[in-house]
Amino acid sequence: FNGIRGVEAMEPLESGTRVLAVPAPNALQVTPDSPCPRWADPVVWRSAAWDLRLALLLLRVKQQAARAEGLNEARAAWLDLLPQSFDTPIHWTD
């Protein structure tokens, strides 16, 4: 993939074949119907778009990791892989 992330099948796959599975406890996921977590303000949660809800979940996971609060091993390993910082074109000065 020339340095771009992706998945490549090494042989033909039948339609509907699962190529990746992530156990639910290891996934961060939000939906429009996601209930408000105990640690979140219900008004903020209800009015938040999916990306803000996901960001709040990620911040909570990072907080749990910093406090060593019941973070499962797979999620802790995943968290270690995330970049500590990044930039985007909107922040570039040139």
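Modeller: A residue is buried under 20% relative accessible area, exposed over 50% and partly exposed in between (1.4 Å probe, protein chains only). The model is predicted, so local features need pLDDT of at least 70 and side-chain atom pairs pLDDT 80 or more, whereas totals for chains, interfaces and linings use all residues. Residues are numbered from 1 along each chain as its sequence is written, and side-chain values use heavy atoms, leaving out hydrogens and water.

Biologist: How many helices and strands does the chain have?

Modeller: Taking DSSP runs, numbered from the N terminus, of H or I with at least four residues as helices and of E with at least two as strands, the chain has 3 helices and 0 strands, and read along the sequence it follows the pattern α-α-α. Its C-alpha atoms fill a box of roughly 50 × 40 × 30 Å along the principal axes, and buried residues make up 13% of the 94 residues.

Biologist: What span should helix α2 have, and how far apart are its end C-alpha atoms?

Modeller: The expected span is 1.5 Å times one less than the number of residues. For the 18 residues of α2 (residues 50-67) that gives 26 Å, and the end C-alpha atoms are 26 Å apart, which agrees. Just after this helix, A68 takes a positive phi of about 55 degrees.

Biologist: Which residues of α2 are buried, and which exposed residues lie on the face turned away from them?

Modeller: R53, L57, V61 and Q64 are buried in α2. These residues cover an arc (of the directions from the helix axis to the C-beta atoms) of only 80 degrees, which puts them on the same side of the helix. The face of α2 turned away from its buried side carries L59 and A66, which are exposed.

Biologist: Against which helices do the buried residues of α2 pack?

Modeller: With contact meaning heavy atoms within 4.5 Å, the buried residues of α2 pack against α1 (42-47) and α3.

Biologist: How many aromatic pairs does a search of the whole structure find?

Modeller: A pair of aromatic rings is described by the distance of the centres and the angle of the planes. Rings of Phe, Tyr and Trp (its six-membered ring) pair with centres within 6.5 Å, and planes under 30 degrees apart count as stacked, over 60 as edge-to-face and the rest as tilted. The search of the whole structure finds 1 aromatic pair. The rings of W39 and W45 have centres 6.4 Å apart and planes at 80 degrees, so this pair is edge-to-face. W39 is partly exposed, with a relative accessible area of 36%, whereas W45 is buried at 3%.

Biologist: Is W92 buried or exposed?

Modeller: W92, in the segment after α3 (73-81), is exposed, because its relative accessible area is 52%.
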